Amino acid sequence: MRPSHAVSDDKHKQTFKKTSGPDGAGSLRKEVVVVGGWRPSDKPGRAFSSLLFGVFEGEKLRYRGRVGSGFDKADQDKIFRELKAGERKVSPFLDAPRDAARAARWTTPSVVIEVRYTELTAEGYFSHPTFVAISDDAD
């Protein structure tokens, strides 16, 4: 069962936005996604190396990528507390690829974040995602 504030496929399509890149060239896309896991960090003071995220299609959480940049310490600590509170043994993703799942820790998909990315790959993954903010999306 997906949380009521998580992203559905219809919501995914509605939240698509294009923004200017940081250097003013090209365009980036912004999307609200749901975190289903993380990869632990081996660096002191860093709660995780990356978050594994996806979007809901109906009741199924589809893997769409992982993000490891754009976090400040406060956001990383807040997100990590929420992830640890929902920690579980089994992946919530319908389709997480083996290389992404390697060394991953899983959580109940309740943390919603906003990411910026360059494009979707042929497989439907987000290319070059960067964390923007913890989302207060309650839809």
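**A helix and its buried face**

A: Gln76, Ile79 and Leu83 are the buried residues of helix H2, where buried means under 20% relative accessible area, exposed over 50%, and partly exposed in between (1.4 Å probe, protein chains only). Seen down the axis of H2, these buried residues fall within an arc of 70°, so they line one face of the helix; the arc is that of the directions from the helix axis to the C-beta atoms. On the other side of H2, the exposed residues are Ala74, Arg81 and Ala85.

Before going on, please keep in mind that this is a predicted model, in which local features need pLDDT of at least 70 and side-chain atom pairs count only at pLDDT 80 or more, while totals for chains, interfaces and linings use all residues. Residues are numbered from 1 along each chain as its sequence is written, and side-chain values use heavy atoms, with hydrogens and water left out.

H2 has 13 residues and reaches 18 Å from its first C-alpha to its last, close to the 18 Å expected (1.5 Å times one less than its number of residues). At its start, a side-chain oxygen of Asp72 comes to within 3.2 Å of the backbone nitrogen of Ala74. That is a polar contact, a pair of N or O atoms within 3.5 Å; within protein, one must be able to donate a hydrogen and the other to accept it, and residues adjacent in sequence count only if both atoms are side-chain atoms.

What does the buried face of H2 pack against? Its buried residues pack against S2, S3, strand S5 (87–88), S6 and S9, with contact meaning heavy atoms within 4.5 Å. Helices (H or I, at least four residues) and strands (E, at least two) are DSSP runs, numbered from the N terminus; the protein has three helices and nine strands.

Now to the core. In the largest nonpolar core, of 18 residues, Leu51, Val67, Ile79 and Ile113 touch the most other members; such a core is a set of buried Ala, Val, Leu, Ile, Met, Phe, Trp, Tyr and Cys residues joined through side-chain atoms within 4.5 Å. Strand S2 (27–39), strand S3 (50–57), helix H2 (73–85) and strand S6 (105–117) each supply at least two residues of this core. Its largest share, four residues, comes from S6. Apart from this core lies another, of nine residues, including Val34, Leu52, Leu61 and Ala100.
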